[in-house]
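This report describes a single protein chain, starting with its overall make-up and moving on to one pair of packed elements. The sequence and structure are shown first.

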Amino acid sequence: MPGRAPRAGRPQVRTSGRPIAHVAKDLSIHNEALRGWVRQAEAGVGERDDRPATAEHEELRQLRKEGAELRRANEILKAASAFFAAELDRPRTRPTR
C-alpha cells in the first residue's frame, strides 16, 4: 500500500524526532523514499523553499501537458497548411467536354 506509507511516516518523523532511517525501517520502506515524502510535505505547507509545493508541482505538470498538446496541434496545422498550399499552387486544367 504505497499511499499509506507517506501519510503514516510523515507525522512519525515530525513528532518523534527520530531519524528518518529509523522510522522508514519501522514502516518497511526505503529511507530515501520517506525522506522525499517528508520534504515534499514540508514544501506543501511552505516550510521549504528548495522544491515546489504540491499545488505548484501539479500546475507545472498540467502546463507541460498542455504545451505538448499545443505543439502537436501546431505540427498538424503546419502539415495541413503545407498540403493545402501545394493544392493551390498546382496548375489547374479544364475538363474537356
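## Overall make-up

The model is predicted. The protein chain has four helices and zero strands, and the order of its elements from the N terminus is α-α-α-α.

The protein chain has 97 residues, of which 13% count as buried. Among contacts in the protein chain with a separation of 6 or more, 24% join residues 24 or more positions apart.

## Packing of α2 against α3

Helix α2 spans residues 20–27 and helix α3 spans residues 31–44. Their axes come within 8 Å and cross at roughly 115°. Because angles of 65 to 115 degrees count as roughly perpendicular, α2 is roughly perpendicular to α3. The crossing of the two helices is right-handed.

On the α2 side, the residues in contact are Ile20, Ala21, Val23 and Ala24. On the α3 side, they are Asn31, Leu34 and Arg35. Sorted by class, this contact of α2 with α3 consists of five nonpolar residues, one polar residue and one charged residue.

## The largest nonpolar core

Six residues form the largest nonpolar core: Val13, Ile20, Val23, Ala24, Leu34 and Val38. The most is given by α2, with three residues.

In soluble globular proteins, nonpolar side chains tend to be buried together.

## Arginine 35

Is arginine 35 buried, partly exposed or exposed? Its relative accessible area is 23%. Because buried means under 20% and exposed means over 50%, arginine 35 counts as partly exposed.

Between arginine 35 and isoleucine 20 there are 15 positions in sequence, while their C-alpha atoms are 6.5 Å apart in space.

## Serine 28

Where is serine 28 found? Serine 28 sits in the loop between α2 and α3. Its phi is near 60°, a positive value in a residue other than glycine.

The relative accessible area of serine 28 is 65%. Serine 28 is therefore exposed, the cut-off for this class being over 50%.

Definitions and conventions: Residues numbered from 1 in each chain as written. Predicted model: local features only at pLDDT ≥ 70, side-chain atom pairs only at ≥ 80, totals over all residues. Heavy atoms only, no water. Axes fitted to C-alpha atoms, helices over the stretch in contact; angles between N-to-C directions. Parallel < 35°, antiparallel > 145°, perpendicular 65-115°, else oblique. Left-handed = near helix turned anticlockwise from the far one by under 90°. Contact = heavy atoms within 4.5 Å. Nonpolar A, V, L, I, M, F, W, Y, C, P; charged D, E, K, R; others polar. Core = buried A, V, L, I, M, F, W, Y, C linked by side-chain atoms within 4.5 Å. Buried < 20%, exposed > 50% of the residue type's maximum accessible area, 1.4 Å probe, protein only.
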